[in-house]
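I opened a new entry today to record what I looked up, step by step. The structure goes in here before the notes.

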Amino acid sequence: MKNSKLILLITLPFLLAMCSKSVVSVPVMEEKTEMIKEKSWVEEKLSTLSLEDKIGEMTQLSLDLLAVGQPYNLQEPFTFDPEKLENILVDKKVGSILNCGMHANDRETWKTIITTIQEYAMEKKESGIPVLFGIDAIHGANYTLESTLFPQALATASTWDPTFARKCGEVTGYEVRASGIPWSFSPVLDLGRDPRWPRMWETYGEDVLLGTEMGLAYIDGIQGDDVSAPNKVACTMKHFLGYSVTLRGKDRMPAWIPERQLKEYVVPPFKAAIDAGANSVMICSGELNGIPVHADEGILKVLLRDELGFEGVAVSDWADIPYLYERHRTAVDFKDAIGQAINAGIDMVMVPIDANFTTLLKELVDEGVVPMSRIDEAAGRVLKMKKELGLFDQAYYDFDNYDNFASDESIQLSYEAAKESIVLLENRENVLPLDRAATGKILVAGDNANTLTCLNGGWGRTWQGTDPQWDTKGKQTILEALQTEMSEENVIYKAGNEIAGAKSAAANVDAVVLVLGETPYTEKPGDIDDLNLPQDQLDMIKAFRDSDIPVILVLIEGRPRLINEVVEIPDAIMVGFLPGEEAARAISNILFGKENPSGKLPITYPKFPNDLVTYDHKGTDLAHRDFSMNGFNPQWEFGHGLSYTNFDYSDLKISADTMNMRGTLDISVTVKNTGDRTGKEVVQLYITDKVASITPSVKRLRDFDKVEIAAGEMKTISFTISADDLKFVGRDNEWVTEPGEFGVTINGLESNFVLK
Ligand code: GLC
C-alpha cells in the first residue's frame, strides 16, 4: 500500500502539472520530490546498517563517559580516555553525545572535543556515521566560555518584542556552531503559569500568544531556513508535554491537566513550532494524568505524531528512562523501562551515563519486545536529522571562521534586550530617574548587588550557574556599573543583607539601592517551599521603612517572589527576570534616566501565597473577603510596566460592530506620548468572550505591538482579528468558535462586537 501511495504521490503532481501550471506550483512538486528523496536516502542508509548500528543511533550519552575521571567528577582539564572513546563510539556505536563536562569550555577545547569525537566516529566506526552532539544553549551558547550571554527567556518575554527572541536565537545558533555543535536543547515552550515552579525563568511567560510568538521567533532565529548552515543549529522544543504546571509547583512532579486545558493552553506553542519546522522535541520528565510521559504512547504517538504531524526526533530528557522504575514505578527494571519508552515513541534516549542501554535494547529486539520497525523508525529519524544538519557532508565547520563570535554587535544586542526586559513596577512620586546632579552618594546593598551569576541565573557557565570562576571577564555587576556611573568613592557598598551596617551607611547618602531576589538555580535545586522573598531580605527592606531618602528596590529573580509584606516601603521597584550579563549597565542607565524602561510583566505577579492565578483566569474565581465574583488580586498584573513618560490612549475603534465566521475585524487605537521623553509602549489587545459553552476567561491577549513614540507624538496602532482568534476548546474537546458578543479592551478603553 505504502509504495502505491508513494507512486501516486509522484504521479499526482506531474498529472496536475500537465493540466494546469496553476494547480500545483513547482515548489510543491520540489518539496514532495525532496521528501521522497530524503525518505529513500534514509531507507537506503538503514539497509546498510546492523541492528547495533541502529541502536547506537538511538543512544545519547554524556560527554563525561568519554573522559578521564568519573561522571560529574572528571579530571581537569578535560582529557579524553582513549579506551572509553573506542568503547563508546566504536564498539557501542553510540550516535549522540551531550553536555560539556564539568563546566563551559573555551572554543579551543570544544575544537578538540568535537574533532576528536567526529574523527573517531567517522574513521574508526564501521558505519562511519558522524556523531550528533547536543548542548543546552539556553540564553546564548552558555557552555562556551566568553560567548554572548543573553537575558533568560522570561526576561526576553518581558521585552514583549519577539525581535529580541529571534536575534538572540540567531547569535546563539552562530556561537553554538562556532563551538562545533549542531544541536541546541532549546527553546522551552512550556508556559510559566505557576510562579512556584523553578523553571519559570526558562519560559516565555504565562500567556499562550506571547509564549508562542516568542518561541517561534527564537526558533526562526536559531534554525533559520537551512539548519545545515554554518551559523544555524537544530532546535529542541521542550518539554513535551505538561511539564510546567505540576500539582505542587515543583520540578518533575505529577501534573493533572484535563484534555481541554492541555489542548487550549499547553499544546499550542508546540503545535506552532512543529508547523514552523522545529527539528526535534524533548520529552517531559514528569507524569501527566498518572502516566509518565516517557512511556505514554497517547502523548508520544497519537498526539505528537498522528495529530500534530511531527516527524522529527523525540529525545528523552535526562535519565528519564531509568526514572520509569526508580521514580514512576511503571517499570520493574531498566530493561523493562527501555522497552516501554521505545515502544511508546522515544527515538533517542538521553541515557545518559549507563552504556549498558545498547545491550539491553538489543536484547529487547531479539526477544521481540521492541519490533524492528520501531528501531528503523527511530534510527531513521536520527539519520534524517543528521543529514538535514549536513553532518554527513561536514561534521563540523572550520572553527577559525567565526570572527563574529561574541562580537560587539552581539554584546550590544544583549544590552538592548536586557534594557527592554527591565520592568519598572512602582515609581512613587516619580522618584526615578535619580537626578544625577543631585545624587552625590548612594548606598548599594543586598545579596545580588555584586554578582554576575545572579544576573545570568541557571544554565550559566555551569549547570547551576553558581560558580563565578567561569564568569565572562570584564562584565559588570550592578555595583560596578553604579561605581562606573558615580565613581567608586560615591558608592557605599554593604555586602549581603547585613542591616545595621547598611542602615548606618544610609545616613550619609542621597539614595539607597537594594538589589535582592534569588541566587542561581536550575531544575530541582530550584524547588522552594515558600514563594515569599526570603525573610532576611524582607527584613533588609523593612530596615528602610522610615527612610527620608529614596529607596530603590531592584529584584533580580527567576520567578515572582512575594514582597507584599514590604511592598509599600520602597519608593521604586523594578524587576529583571535574570536579564543577563549586560544588564548591570542597563539597570544603572535606567536608574539615572539614560534609558527609559519599557518592560512589561509576562506573568502575573502574585500578592499572596495562596492566590496564584494567571491573568486569563475564569470570572468565577471566587473572591477574597469581599465575595465579589472575581477575586483577582495580584501585586502587579500581567502586562504591567511603567515608563518615565506617559502614554495616553484614545479613539479605540472597531471597523464594524459585527463580524461573521469568515470575516475579519480591524481594531485601532491612538496612543499619545504626553511626557517629555521618547518611550516604548506595548499596546495590548485583549478580547473577552461574554458567554460561551465553556466558562470563558475574563480576557485573553489576542495581539500586541511594541511601539516607540517620541515626546508629544501620537501613533495609531491597528490590529486585525478573525473568528479564528476567538476559538477555544469546547465541550467535545475540539476547537470551536461560537457566535455571540465579545468585548475589546486596550489599556482600559472598551468596546464590543458581535460574532454572527
Ligand atoms: C535536563 C533538563 C533539560 C535539558 C537536559 C539536558 O534535565 O530537563 O531541559 O535540556 O536535561 O541537559
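My notes below take the domains, then their interface, then the ligand.

Entry 1. I noted that the model is predicted. I looked up how the chain is divided and found domain 1 (12-398), domain 2 (409-591) and domain 3 (645-755).

Entry 2. I turned to domain 1 and domain 3, whose centres, taken over C-alpha atoms, are 37 Å apart. I found 15 residues of domain 1 in contact with 18 residues of domain 3. The two domains bury about 1,400 Å² between them, and carbon and sulfur atoms give 57% of this area. On the domain 1 side, Trp160, Arg260 and Glu264 supply 46% of the area buried against domain 3, more than any other three residues.

Entry 3. I checked polar pairs across the interface of domain 1 and domain 3 and got ten residue pairs in polar contact. I also got a count of two salt bridges between these domains. Separately, I looked up Lys263 and Glu734, whose side chains form a salt bridge at 3.4 Å, N to O.

Entry 4. I went on to the ligand.

Entry 5. I looked up distances from oxygen atoms of the ligand to polar side-chain atoms: 2.5 Å for Asp136, 2.7 Å for Arg199 and 2.8 Å for Lys238. The ligand on its own has 310 Å² of accessible area, and the protein covers 96% of this.

Methods: Residues are numbered from 1 along each chain as its sequence is written. This is a predicted model: local features need pLDDT of at least 70, side-chain atom pairs count only at pLDDT 80 or more; totals for chains, interfaces and linings use all residues. Side-chain values use heavy atoms; hydrogens and water are left out. A polar contact is a pair of N or O atoms within 3.5 Å; within protein, one must be able to donate a hydrogen and the other to accept it, and residues adjacent in sequence count only if both atoms are side-chain atoms. Accessible areas come from the Shrake-Rupley method with a 1.4 Å probe; for residues, only the protein chains shown count as cover. Domain bounds come from an automatic or database domain assignment. Contact means heavy atoms within 4.5 Å. Buried area is the accessible area (1.4 Å probe) that two parts lose on being put together, summed over both. A salt bridge is a side-chain nitrogen of Lys or Arg within 4 Å of a carboxyl oxygen of Asp or Glu.
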